[in-house]
Amino acid sequence: MIELLLNADTAASRSALHDLFAQTLSLPQWYGRNLDALHDCLTERSEDLRITVAEASLTGALGERYVRQLLRLLRDCAEENPHVILG
């Protein structure tokens, strides 16, 4: 299982957030580095992935609206794919 911690240290910007997902999960070349592309990659995942989100820390780095969208996306992915686990 891959464990991924999302906080201001690991994702200090939107670009850094998508870099983290791309590198940690070895996402395909076509990964579009946006929330829609992230949804596609996570719902197709066949290996276990636990994602822990430090919401307050991320909100300071990415903004409240973007973090709300990210959290909604992660919850949707976890509901749709049992390999995605929110911790």
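Two strands pair if DSSP finds at least two bridges between them. I wrote that down before looking at any strands. Helices (H or I, at least four residues) and strands (E, at least two) are DSSP runs, numbered from the N terminus.

The model I opened is predicted, so I noted its limits: local features need pLDDT of at least 70, side-chain atom pairs count only at pLDDT 80 or more, and totals for chains, interfaces and linings use all residues. Residues are numbered from 1 along each chain as its sequence is written, and side-chain values use heavy atoms, with hydrogens and water left out.

Entry 1, strands. I looked up β2 and found that it pairs with strand β3 (residues 84-86) in the parallel sense, over three bridges. β1 and β2 also pair in the parallel sense, over five bridges. I then checked L49: I2 stands opposite L49 in β2, and in β3 the bridge partner of L49 is V84.

A nonpolar core is a set of buried Ala, Val, Leu, Ile, Met, Phe, Trp, Tyr and Cys residues joined through side-chain atoms within 4.5 Å. Buried means under 20% relative accessible area, exposed over 50%, and partly exposed in between (1.4 Å probe, protein chains only). Of the 26 residues in the largest core, L6, L17, F21, L38, L42, L70 and L74 touch the most other members. β1, α1, α2 (35-43), β2 (49-53), α3 (55-62) and α4 (64-80) each supply at least two residues of this core. α4 gives the most, seven residues. I also listed contacts (heavy atoms within 4.5 Å).

I found N7 in the loop between β1 (2-6) and α1 (14-24). Is N7 buried or exposed? N7 counts as buried because its relative accessibility is 12%. Not counting residues up to four places away in sequence, N7 touches A54, S57 and L58. The side chain of N7 reaches the backbone nitrogen of D9 at 2.8 Å and that of T10 at 2.9 Å.

Technical notes. A polar contact is a pair of N or O atoms within 3.5 Å; within protein, one must be able to donate a hydrogen and the other to accept it, and residues adjacent in sequence count only if both atoms are side-chain atoms.
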